[in-house]
Amino acid sequence: SSQPVDLTNKLEKYAVPVNQLTVPDGVQIIGLGEATHNNGEFQSVRLDVFKVLVEKYGVRTFVLEEDFANSELMNRYLSGEEIELQEAWEKWFPFYHTQEMADLFEWMREYNRSASSEEQLQYWGMDVQRSELIIPTLDNYLKEVDRKLSKELNRIQLGSSDLREISNQLLGDIFTPNSERAWTKSDYKQLQRQWSPLIQKDVQLIERLINRMAMNADLLIAKSDEQMYEAAMQNIQSIYVTYSVINDSLLRDFSEGNGYLHFVSYSNHRDKAMKEKVDWILNQANGPVLIAGHNGHISKKNRSVAYNFVNAAKDENINVDSKMLKLTYIGELLEESYGDAYYAIGTSFNEGVLAADSKIMTDP
């Protein structure tokens, strides 16, 4: 703030210490946002808030904006198995590999040492972005319970590197400003011819797998247990999202959107899938749950980002219906489903230190 005294007065009027945080009655899901992923203070306050929610409000489940497929190993660590934390989160996004996050998971593990089975703290990821993690996790399960299904899964033709390549091409120039060569409709048509037949076959294969796993539920549960089966179903649904979002973009012909329409479609598919993960996690949980992620996802009404995005497209002379550029995040979806039972907490900062793995280039 340019007015330190005014800021101090506002803090004294409105702010309370985290240990005095209160949550309204009837809340089932608490969302804790952060203005950036790479800030140590936000990661520290995450543990402070979680402690209050565990001790005062019966929260026993911590959910993070990290891939769902990574959840099993962390839960084994939290349950006290002889697993190193570095092993449990090895495949996570690097910005979570911090001392602040280590403190959180070590506190959860220590809490579980003396907690009853009903009071154990659990962790789940809610994200669905990386097929290179999801497919091996599901395959490991299927190899144990039904090798025919495992062989069917391994018939998927396009790998994670293929998906990234297609997605990057579908995004066009929106993340490469001032590029020497503009993205054209002929580029899009070429992309369709090259990839659409292959990804359609993969989507159909994944749909068949989902149906077969659902039809054989009793047998698969008998060979594992109900939660393992349910987690496997969540993983196959995640795989479906990662493939179908690209398939949809190719089939719907977003060539007039210069990448913006694919970005909106991808973002909306992702947040809808995260919301469905939270629905499932809440159904498994013993009490309310805490979900943590970027403010942009957690916010109930993230109008500013959507407004700025539509304006950016207009600046590029993208002549598409603005309704097709509407971004709908998980926070808005949770409010639609749960109303006041979803309670969102956003965070911001005056100054701090940002961790980055590369030099950030800005205009003078």
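**A tour from the aromatic cluster to the sheet**

Start by selecting F50, F62, W89, W92, F93, F95, Y96, F105, W107, Y111 and Y123, which form one aromatic cluster (rings of Phe, Tyr and Trp, the last by its six-membered ring, pair if their centres lie within 6.5 Å; planes under 30 degrees apart count as stacked, over 60 as edge-to-face and the rest as tilted). The model is predicted, so local features need pLDDT of at least 70 and side-chain atom pairs pLDDT 80 or more, while totals for chains, interfaces and linings use all residues. Residues are numbered from 1 along each chain as its sequence is written, and side-chain values use heavy atoms, without hydrogens and water.

By this rule there are 16 aromatic pairs. Zoom in on F62 and F105: their ring centres are 6.2 Å apart and their planes at 65 degrees, so the pair is edge-to-face. F62 is in strand β2 and F105 in helix α5, so the pair ties together parts 43 residues apart in sequence (helices, H or I of at least four residues, and strands, E of at least two, are DSSP runs numbered from the N terminus). F62 is buried at 0% relative accessible area (buried means under 20%, exposed over 50%, partly exposed in between, with a 1.4 Å probe and protein chains only).

Finally, colour the open sheet of five strands, β3-β2-β4-β1-β5, paired in parallel (at least two DSSP bridges per pair). Its edge strands are β3 and β5.
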